[in-house]
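Here are my notes for your read-through. Please keep the structure open beside them.

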Amino acid sequence: MAILFHCPWDNADQWLAALQAALPKDEFRIWPDVGDPDEIDFAMVWRIPSGALAGFPKLLAISSLGAGVDALIADPDLPRNIPIARLVDPLMADRMAEYVCATVLHHHLGLDRYDRQQARKFWQRHPTTDARDRTVALLGLGQMGQRCAKRLGALGFNLLGWSRAAKNIDGVQCSHGAERLAAMLAQASITVLLLPLTEQTDGLMDRAAFDAMPAGSYLINCSRGEIVVEGDLIAALDSGRLGAATLDAFVTEPLPGDSPLWQHPKVRVTPHIAALSAPDTAALVLAEQVRRARNGQRLAEQVDIDNGY
Ligand code: GLV
């Protein structure tokens, strides 16, 4: 049997080498050169064109090459009768936690303001806030959200967490459900988006959500661009309701040259790098998924298509 592989990233060769090392007996077929479709029993893909996964009668399972499966699930021709897995590689959660800690600390310490002062050769100190007096809200408490909570907790921040279903996490005051969102946003001066893109989270951060946040709050989006209503975000930044935003995910990627976000004075843009998947560690996770699928076992991190993640 053979494994279908589709990776549009510029390190596709590195992925393939890591996968071949982890699964030395397997043949990899790189889409669209699939050979005999009857020979494909597992697919490892990222943003494969819609409909491409429909023609493999012996396909046992599909794994995403990234944490998000929104693009995969959006394919109307995706085979619904076989298991689909997200990629959960422990290194990705560490990378995400580093990104979130860096951006939270940058804002917490007022470093943006000192960057602007330096540009004017202007020496002025501003009062500092202690981490224990700073509340950070984490929207999304999956593996990445929980790793971020752990690291931010170790730095002393006061943590709130919000998720679709109830969660109980040490050191995090958790709430859940759409009706609790505004009350939670109102208590945090920094909000971090770590949610999967689903029907419920699409457009979640809109004008009403920004209005609920304390004036001058800081938003960090490391999940999907669609979760934030871009026009509402820009209006909230312009009006001063939001103090700043760091954005790592956008509706259109790469972010088009004419996007107002590029040059907005209160926006920091990073090119979707918060938690890059890591071929060497991911290949081991994927090899185990192939083994499970072929043994008829449940995949790890199997997606519930109805929940969308
Ligand atoms: C990246 O956005 C991912 O889903 O892994």
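1. Ala, Val, Leu, Ile, Met, Phe, Trp, Tyr, Cys and Pro count as nonpolar. Asp, Glu, Lys and Arg count as charged, and the others, Gly among them, as polar. Bear in mind that this is a predicted model.

2. The second largest pocket. It holds about 570 Å³ of space. Its lining has 25 residues. Those nearest the centre are His107, Gly110, Asp112, Arg113 and Arg116. By class, the lining divides into 8 nonpolar, 10 polar and 7 charged residues.

3. Which elements give two or more residues to this lining? They are α3, α4 (111-119), β11 (242-247) and β12 (267-269). Helix α4 gives the most, with 5 residues.

4. Helix α3. Gly110 follows α3 and has a positive phi, near 70°. Gly110 is also among the residues nearest the centre of the second largest pocket.

5. Burial along α3. The buried residues include Met92, Ala93, Met96 and Ala97. Tyr99, Val100, Cys101, Thr103 and Val104 are buried too. At the end of the list come His106, His107 and His108. Please look at His107 in particular: it is buried, and it is one of the residues nearest the centre of the second largest pocket.

6. The cavity. How many cavities of 30 Å³ or more does a search of the whole structure find? The search finds 1. The largest cavity holds about 80 Å³ of space. Its lining consists of Asn221, Gly225, Val228, Glu230, Leu233, Leu247, Ala249, Phe250, Val251 and Leu261. These divide into 7 nonpolar, 2 polar and 1 charged.

7. Trp15. This residue is found in helix α1 (residues 12-22). Is Trp15 buried or exposed? Trp15 counts as buried because its relative accessible area is 0%, and the cut-off for buried is under 20%.

8. The surroundings of Trp15. Leaving aside residues up to four places away in sequence, Trp15 touches Phe5, Cys7, Trp9, Leu65, Leu87, Ser277, Pro279, Ala282 and Leu286. Asp280 is 265 residues from Trp15 along the chain, yet their C-alpha atoms are separated by 7.5 Å.

Terms used:
Residues numbered from 1 in each chain as written. Predicted model: local features only at pLDDT ≥ 70, side-chain atom pairs only at ≥ 80, totals over all residues. Heavy atoms only, no water. Helix = DSSP H or I, 4+ residues; strand = E, 2+ residues; numbered from the N terminus. Buried < 20%, exposed > 50% of the residue type's maximum accessible area, 1.4 Å probe, protein only. Contact = heavy atoms within 4.5 Å. 1 Å grid on protein atoms, 1.4 Å probe; cavity = no way out; pocket = protein on both sides within 12 Å on 5 of 7 lines; lining within 4 Å. Points joined across faces, edges and corners; volume = space filled by probe spheres on them.
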